[in-house]
Amino acid sequence: MSTSQPLVVALVSGGLDSMVAAAMMRSRGHRLLALSINYNQRHQIEIAAARRVAHMLDAERHIVLPLDLSTFGGSALTADIAVPKDGVGEGIPVTYVPARNTIFLSLALGWAEAAGARDLCIGVNALDYSGYPDCRSEFIAGFETLAELATKAGVEGERFRVHAPLQAMTKAQIVLEGTRLGLDMGLSWSCYDPTPEGLHCGACDSCRLRAKGFVEAGVADPTRYAA
C-alpha cells in the first residue's frame, strides 16, 4: 500500500469479529496498525490467534501490549469465576470485563495520536452480542467525543473517528463478509474456555454465537469444537 493512504489503529483480539473489521478497513484502503492487549485473560490462545491474524492482514506493525487486568478481576475472563455454558441469556454476563473496550480504545487512541493516525477500528456489534454495554453505538459515539476532548490533535481540530463496521451486522453477515474478503476464518479464535487440547468448548456464549453465525450463513465452519 502507498504511504499516502491513511493509517488505522485496529484492535485485533484474535477473534472473528476483530479480524473481519480490520480486513474491512484494509479493503477500504487503510494501512493497518494492529494492537492486541494481553490482559492476562483466561487463556493465551487468542493472543497467538491475534498474531496470526495481524500477519495475514499484512499489518505494518503489530503491538501486543501487556496489561494485567486480572489484578482488578471482576470477570470470568480475569478471575476464578466459571464461564457459563447454559446458553446465551438476558442481561450482562459474567464474561463482561469491566470497562474493557474503554481501556482498549484509550490505548489505541494513544498509539494513533503518536503515529499520526486519526482512525481507530474495533470489531463490536450490537445485534449478535452477549449484552455488553461497550458494544453499543452510544458507546462508540461517546468515545469519539472523548477523543476530541482528550487529545492535542482533537483540541487542534483534528477529529478522530472510531470505525465499528460490524455494528449493525449479525454474526451470519459477519461470516459472509469474511468469506467475501477471502479470509481464513479458521485462524481466528472465539472461545472463552478452551479445552486442554486447544479446542473451542462449543458451549460458552461466544462459541454458540460463532457456530450459529456459520450455520445461518450457510458457510462451512472451520472451527474445531470439542465433541
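User: Which residue in strand 4 is the bridge partner of valine 9?

Analyst: Start with the strands themselves, which are DSSP runs of E at least two residues long, numbered from the N terminus. This is a predicted model, where local features need pLDDT of at least 70, side-chain atom pairs count only at pLDDT 80 or more, and totals for chains, interfaces and linings use all residues. Residues are numbered from 1 along each chain as its sequence is written, and side-chain values use heavy atoms, with hydrogens and water left out. In strand 4, valine 9 has as its bridge partner leucine 120.

User: Over how many bridges do strand 1 and strand 4 pair?

Analyst: Two strands pair if DSSP finds at least two bridges between them. Strand 1 covers residues 7–11 and strand 4 covers residues 119–121. They run in the parallel sense, and the number of bridges is three.

User: Which strands stand at the edges of the sheet?

Analyst: This open sheet has five strands with parallel pairing, in the order 3-2-1-4-5. Each edge strand has a single partner strand, so one side of each is left without a neighbour in the sheet. Those are strand 3 (61–66) and strand 5 (161–163).

User: Is valine 12 buried or exposed?

Analyst: Valine 12 sits in the loop between strand 1 and helix 1 (16–27). Buried means under 20% relative accessible area, exposed over 50%, and partly exposed in between (1.4 Å probe, protein chains only). At 2% relative accessibility, valine 12 counts as buried.

Conventions
Helix = DSSP H or I, 4+ residues; strand = E, 2+ residues; numbered from the N terminus.
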